[in-house]
Amino acid sequence: DLAFAYCRNLTSITIPHGVTEIGKRVFFRCTNLINITIPGSVTKIGELAFAHCTNLKSISIPDAVTKIGPWAFLNGSSLTSITIPDGVTEIGKGAFEECTSLTLIICNNPGQFNWENIGINNTQTQFISHEHAKLLTANNLTDLNHNEAYLIYRLISELEFNPSWEVLETTFNERSFEQVRELLINLKKNIDRLPQKLISFRRYN
């Protein structure tokens, strides 16, 4: 516990294979930590393990993890998405409290957790399955903002939902036309409303 706490010069670390638990407050207030590699041997992420790691933008939780402790990612204000493996059976109180940039949670069975108790604001954070997350990755649609995440959630969850070109252009104005077109095709959406030739969204005009 507290092994790397307050190491403000720590920006990247690889945890060696064989470690089974990330203990209480191990990376507490490592405010410049950006990258961390967690081995597949880890089964538990402890209380406050990554609390106040305000520059940590993403983290890959191994499939072997079954428990995420209370306030594990408290004030992870740069986290934009997180994947909850199927083996996770417990997420502690406030685990994602104050993760103000968290727009997307990838989880196959979100109904098993009390997200409000965990600290998730359901008005800004959307839930999608692991399978749909692979589609986003394939199209390089990562680091989604709130509007993008919400529209993608609707595209996935509402089978008849086919937004207009104007809505797509406004929402995805930081993405390429091809990215969005391929996403719609992969989700089996009607693309008849899209321009016939390949063009770019506003930022490229």
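**Notes on strands, rings and helices**

1. Let's start with a pair of strands: S2 and strand S4 (residues 44–45) run parallel and are joined by two bridges. Within this pair, Ile 22 stands opposite Ile 45 in S4. Strands here are DSSP runs of E with at least two residues, helices are runs of H or I with at least four, and both are numbered from the N terminus.

2. A word on the model before going on. It is a predicted one, where local features need pLDDT of at least 70 and side-chain atom pairs count only at pLDDT 80 or more, while totals for chains, interfaces and linings use all residues. Residues are numbered from 1 along each chain as its sequence is written, and side-chain values use heavy atoms, leaving out hydrogens and water.

3. Now step back to the sheet. Four strands make an open sheet with parallel pairing, in the order S2-S4-S5-S7. S2 and strand S7 (90–91) are at the edges with a single partner strand each, so one side of each has no neighbour in the sheet. Two strands count as paired if DSSP finds at least two bridges between them.

4. Next, the aromatic rings: the structure holds eight aromatic pairs. Rings of Phe, Tyr and Trp (its six-membered ring) pair if their centres lie within 6.5 Å; planes under 30 degrees apart are stacked, over 60 edge-to-face, and the rest tilted. One of the pairs is Tyr 6 with Phe 28, edge-to-face at 5.6 Å centre to centre and 70° between the planes. Tyr 6 lies in the segment before strand S1 (12–14) and Phe 28 in the loop between strand S2 (21–22) and strand S3 (35–37), so this pair ties together parts 22 residues apart in sequence.

5. Are these two residues buried or exposed? Tyr 6 is partly exposed, with a relative accessible area of 45%, whereas Phe 28 counts as buried at 7%. Buried means under 20% relative accessible area, exposed over 50%, and partly exposed in between (1.4 Å probe, protein chains only).

6. Elsewhere, Phe 4, Phe 27, Phe 50, Phe 73 and Phe 96 form one aromatic cluster.

7. On to helix H2 (residues 130–138), where His 130, Ala 133 and Leu 136 are buried. Seen down the axis of H2, the buried residues fall within an arc of 105°, so they line one face of the helix. The arc is that of the directions from the helix axis to the C-beta atoms. Glu 131, Lys 134 and Ala 138 are exposed on the other side of H2. The buried residues of H2 pack against several elements, including strand S6 (81–83), strand S9 (126–128) and helix H3 (146–157); contact means heavy atoms within 4.5 Å. After H2 comes Asn 140, with a positive phi near 60°.

8. Finally, which residues of H5 are buried? They are Phe 177, Gln 179, Val 180, Leu 183 and Leu 184. Down the axis of H5, these buried residues fall within an arc of 165°, so they line one face of the helix. What covers them includes H2, H3 and helix H4 (165–171). Just after H5, Lys 188 takes a positive phi of about 60°.
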